[in-house]
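Here are my notes for someone opening this one for the first time. Have the model up beside you and go through the points in order.

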Amino acid sequence: AGHKLDVPVQDLSLIRGIWEVRVKRHRQKQKKEQERMENSALTRLWVHFSSLFLTVPVPVVLMSGPPQEDLTVQTDSDRLIFRLEGDRWMDFPRELQWMTYLQEWCVRGTRIQQLPDFLPLFTQLTVLDIPKNAIRELPPDVGRLGELRRLNASYNHLRSVPPELGSCEKLQKLELAGNRSLSELPFELSSLKQLLHLDLAENSFVSIPVCALRMTNLQLLDLSANGLTDLPQDMDRLENLNTLFIHRNNLSYLPMCLPHIPSLKMVVVSGDLLTSIPTKLCSNPDIKFIRLFDKPISEDRRRRREEGRRWREQREEVQDSSDKEFMEAYLSSLQDRGEEHQQIVAGMLGDPPTPGSIWILGLRVA
């Protein structure tokens with residue numbers, strides 16, 4: 001410090017030329033940045049007004065490139081929907097934060113691991129459809145989406161659910177299937193009194209979450225493919241429950257309170273380990289009681305069962321068209337849950353048995 005260094009300059013024109021080149025590059029960089037910002041602003045205006053007045057998909061232009069076919073904003077029945085698909089996506093585009101007027105997000109099949117920090121800005125969001133990504137957690141801010149009606153976070157990598165989700169009191173459909181490591185729900189979800197559909201299939205639950213028993217308007221509960229060993233004796237508090245899927249668990253008996261649920265119409269269980277079933281559940285003609293078996297039953301065993309039950313009412317076969325239609329509709333809605341569901345369909349349609357396939361034997365089987 002304090003020392004001066006004298007540098008001999010033999011050609012001033014050379015120094016001036018170097019600086020002129022630098023100044024030119026700087027001005028070009030400024031011009032490109034300005035054009036980028038202008039294009040971004042025009043894009044937001046175009047998307048906004050197009051979404052309001054058009055009924056066809058509107059492409060979203062990314063700041064860093066041309067229009068993307070797998071990223072669109074579109075109107076559908078006067079609803080503004082953001083769609084994003086494709087495994088090349090690792091994060092949400094930053095331009096999305098300016099589209100707070102959106103009502104639905106449909107993001108699937110990406111490698112995105114977390115939801116953006118600007119999510120709570122979308123106060124009009126009613127549908128958050130984010131299945132089959134790599135999302136590791138739902139942020140607490142999800143509880144600030146007060147208009148949310150449907151949340152589908154199936155087939156991600158969730159290990160827990162934030163208690164703040166209980167603040168989304170307008171939620172009607174919650175789908176968390178296929179997260180594998182998910183084993184409990186926070187008690188705060190008890191406040192979801194408008195919830196009609198709860199899908200917790202293919203996780204690690206060993207019992208029905210306490211909060212689920214307090215969702216008084218629940219109509220469909222899917223806990224298939226978990227680790228359940230028993231069901232609570234107060235399940236009849238779910239007075240509006242009409243469909244219960246509990247197959248592919250480790251249940252050996254069903255509680256006596258189950259047939260006391262006044263609105264119950266359908267129960268699907270696995271029959272391999274089941275040894276105790278309430279008689280009223282089998283004899284009630286208003287309840288479709290379906291048992292699934294992991295292995296085809298031999299003809300001898302089938303004949304012995306039928307002979308031992310001759311004194312009972314002739315059971316309805318799954319080949320009954322209405323039952324087939326229902327199961328096929330249910331299975332088609334779960335087409336992404338593995339080969340076993342396709343094998344159930346094969347069993348219903350009478351295809352030849354295959355090793356390890358699941359077979360439906362009939363309804364009202366004691």
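**Notes on the fold, the core and the charged pairs**

1. Let's start inside a sheet: Met266 stands opposite Lys288 in strand 12. Strands here are DSSP runs of E with at least two residues, helices are runs of H or I with at least four, and both are numbered from the N terminus. Before you go further, note that this is a predicted model, where local features need pLDDT of at least 70 and side-chain atom pairs count only at pLDDT 80 or more, while totals for chains, interfaces and linings use all residues. Residues are numbered from 1 along each chain as its sequence is written, and side-chain values use heavy atoms, with hydrogens and water left out.

2. Now the overview. The chain has five helices and 13 strands. Of its 366 residues, 45% are buried, meaning under 20% relative accessible area; exposed means over 50%, and partly exposed is in between (1.4 Å probe, protein chains only). The accessible surface is about 20,200 Å², and carbon and sulfur atoms hold 51% of that; the areas come from the Shrake-Rupley method with a 1.4 Å probe, and for residues only the protein chains shown count as cover. As for contacts (heavy atoms within 4.5 Å), take those with a separation of 6 or more: 34% of them are between residues 24 or more positions apart.

3. Which strands does strand 11 pair with? On one side, three bridges join strand 10 (residues 243–245) to strand 11, and the two run parallel. Strand 11 is also joined to strand 12 (residues 288–293), by five bridges, again in parallel. Two strands pair, by the rule used, if DSSP finds at least two bridges between them. Met266 turns up in both pairings: Thr243 has Met266 as its bridge partner in strand 11, and Lys288 in strand 12 is opposite Met266 too.

4. Is strand 11 buried or exposed? It is mostly covered, with five of its five residues buried. In a regular strand, side chains alternate between the two faces of the sheet. For strand 11 both faces are covered: Met266, Val268 and Ser270 are buried on one side, Val267 and Val269 on the other. Strand 12 is mostly covered as well, with five of its six residues buried.

5. On to the nonpolar core, which is a set of buried Ala, Val, Leu, Ile, Met, Phe, Trp, Tyr and Cys residues joined through side-chain atoms within 4.5 Å. The largest one has 70 residues, and the members touching the most others are Trp105, Leu128, Met235 and Leu254. Strand 3 (79–85), strand 4 (104–108), strand 11 (266–270) and helix 2 (279–283) each put in at least two residues. Strand 3 gives the largest share of this core, three residues. A separate core of six residues includes Leu220, Phe245, Met266 and Ile290. As a rule, nonpolar side chains in soluble globular proteins tend to be buried together.

6. Leaving out residues up to four places away in sequence, Leu254 touches Leu231, Ile246, Val269, Leu274, Ser276, Ile277, Pro278, Leu281 and Phe289.

7. Next, the charged pairs. How many salt bridges are there? The count is nine, taking a salt bridge as a side-chain nitrogen of Lys or Arg within 4 Å of a carboxyl oxygen of Asp or Glu. I'd look at Arg180 and Glu202, whose closest N and O atoms are 3.2 Å apart. Arg180 sits in the loop between strand 7 (173–175) and strand 8 (197–199), and Glu202 in the loop between strand 8 and strand 9, so the pair ties together parts 22 residues apart in sequence. Arg180 is exposed at 52% relative accessibility, whereas Glu202 is buried at 4%.

8. Two other bridges for your list: Asp141 meets Arg144 (3.7 Å, N to O), and Arg237 pairs with Asp234, their closest N and O atoms 3.2 Å apart. Asp141 is partly exposed at 30% and Arg144 exposed at 56%. Arg237 is partly exposed at 36%, as is Asp234 at 31%. There is also a network of salt bridges linking Arg108, Asp129, Arg150 and Glu175.

9. Last stop: Asp222, in strand 9 (residues 220–222). Asp222 is buried, with a relative accessible area of 2%. Its C-alpha atom is 5.7 Å from that of Ala201, which is 21 residues away along the chain.
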